[in-house]
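Thanks for coming. I have one structure to go through, and I will take it region by region. Please have the sequence and the model on screen.

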Amino acid sequence: MKDLFSGNVETKIAVCPGMWLLPGWIDAVTLEQIHADINTLSEVAPFRHMQTPGGHSMSVAMTNCGSAGWVTDRSGYRYTTADPLTGSAWPDIPARWQSLATHAAKVAGYADYVSDACLVNRYAPGASMGSHQDKNEQDYTQPIVSVSLGLPARFFVQGPERKGKSIPVDISSGDVIVWGGESRLWFHGVRPLKEGADPLFGAYRYNLTFRVAL
Ligand code: MD3
Ligand code: FE
């Protein structure tokens with residue numbers, strides 16, 4: 001029987017210590033379902049360009065689902081249980097998303113992964129994410145699971161400090177990355193998105209990042 005969520009189950013690449021790339025792991029039918037799930041989510045919790053503590057508007061549009069969601073505004077980066085835009089709780093993580101994240105984490109060696117926060121990033125052409133660490137979560141022994149959708153992108157991974165040469169990682173729709181262990185707190189970012197047309201996601205790239213935040 002074909003594995004759940006599995007397009008390509010043959011390849012598991014160690015990009016750097018603790019970071020596993022599962023290229024093409026999500027099959028075409030699941031991609032379509034996730035596309036519909038994102039549209040449903042964004043009707044309740046719309047994509048928005050959040051403000052950094054320094055007062056800049058982020059080029060990446062974001063929303064969240066889960067019992068906590070990642071936000072930034074003039075008072076800093078943090079997780080909240082309610083959407084500041086609507087005052088309501090963030091929508092639940094769709095069951096198939098949760099199951100996908102748990103399954104991907106297991107492939108990378110993490111049993112019983114249960115995410116409580118899923119940040120959904122939307123990149124239009126030109127949008128990028130500068131070098132940063134993900135450190136607003138409570139427990140760094142828990143990995144982050146990233147699902148790339150739509151237009152391809154180039155990540156860069158720098159290591160434990162924001163200096164020196166970075167490693168480029170090219171990512172396409174349906175790729176999954178599980179990062180934990182030594183690289184969990186490494187600096188990383190996303191190069192400006194190039195224009196293109198994805199058959200399903202159109203002129204955008206989306207990234208689901210599952211976290212254990214609380
Ligand atoms: C971790 N998102 O939301 S995730 C973020 O594609 C974020 O939207 C990016 O970083 C995105 O915080 C990238 C995948 C990723 C790539 C390289 C890493 C995570 C990494 C290198 C080290 C640690
Ligand atoms: Fe990050």
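I start with P192, which sits in the loop between β12 and β13, the latter being residues 205-211. This is a predicted model, so please hear everything that follows with that in mind. P192 has a relative accessibility of 51%, and the cut-off for exposed is over 50%, so P192 counts as exposed. Leaving out residues up to four places away in sequence, P192 touches G126, A127 and S128. How far apart in space are P192 and E182? They are 10 residues apart in sequence, and their C-alpha atoms are 26 Å apart.

Next, the metal site. The iron ion, ligand 2, is coordinated by NE2 of H132, OD of D134 and NE2 of H188, at 2.1 to 2.2 Å. Written along the chain, the donors have the spacing H-x1-D-x53-H. D134 is in the loop between β7 (129-132) and β8 (144-150), while H188 is in strand β12, residues 187-190, so this pair ties together parts that are 54 residues apart in sequence. Are these two residues, D134 and H188, buried or exposed? D134 is buried, with 6% relative accessibility. H188 is buried as well, at a relative accessible area of 16%.

The volume of the largest pocket is about 750 Å³. It is lined by 39 residues, and those closest to its centre are M129, G130, H132, D134 and H188. Three of those names have come up already: H132, D134 and H188 coordinate the iron ion. Which elements give two or more residues to the lining? They are β6 (117-123), β7, β9 (153-159), β11 (176-179), β12 and β13. Sorted by class, the lining has 17 nonpolar, 16 polar and six charged residues.

On to the core. The largest nonpolar core has 61 residues, and I38, W97, V145, L149, L208 and F210 are those with the most contacts inside it. Take F210 as the example. Setting aside neighbours within four places in sequence, F210 is in contact with I93, W97, A101, Y113, S115, A117, C118, P143, I144, V145 and V147. Two of these partners, W97 and V145, are also on the list of residues with the most contacts inside the core.

One backbone item. Most residues other than glycine have a negative phi. D112 has a positive one, near 60°. D112 is in the loop between α2 (95-107) and β6, and at 67% relative accessibility it counts as exposed.

Last, the loop between α1 (28-44) and β3 (61-66), which holds T52. H56 is in that loop too. H56, with residues up to four places away left out, touches M50 and Q51.

Note on methods: Residues numbered from 1 in each chain as written. Chains lettered and ligands numbered in written order. Predicted model: local features only at pLDDT ≥ 70, side-chain atom pairs only at ≥ 80, totals over all residues. Heavy atoms only, no water. Core = buried A, V, L, I, M, F, W, Y, C linked by side-chain atoms within 4.5 Å. Buried < 20%, exposed > 50% of the residue type's maximum accessible area, 1.4 Å probe, protein only. Contact = heavy atoms within 4.5 Å. Donors = N, O, S within 2.8 Å, 3.2 Å for Na, K, Ca; no water. Helix = DSSP H or I, 4+ residues; strand = E, 2+ residues; numbered from the N terminus. 1 Å grid on protein atoms, 1.4 Å probe; cavity = no way out; pocket = protein on both sides within 12 Å on 5 of 7 lines; lining within 4 Å. Points joined across faces, edges and corners; volume = space filled by probe spheres on them. Nonpolar A, V, L, I, M, F, W, Y, C, P; charged D, E, K, R; others polar.
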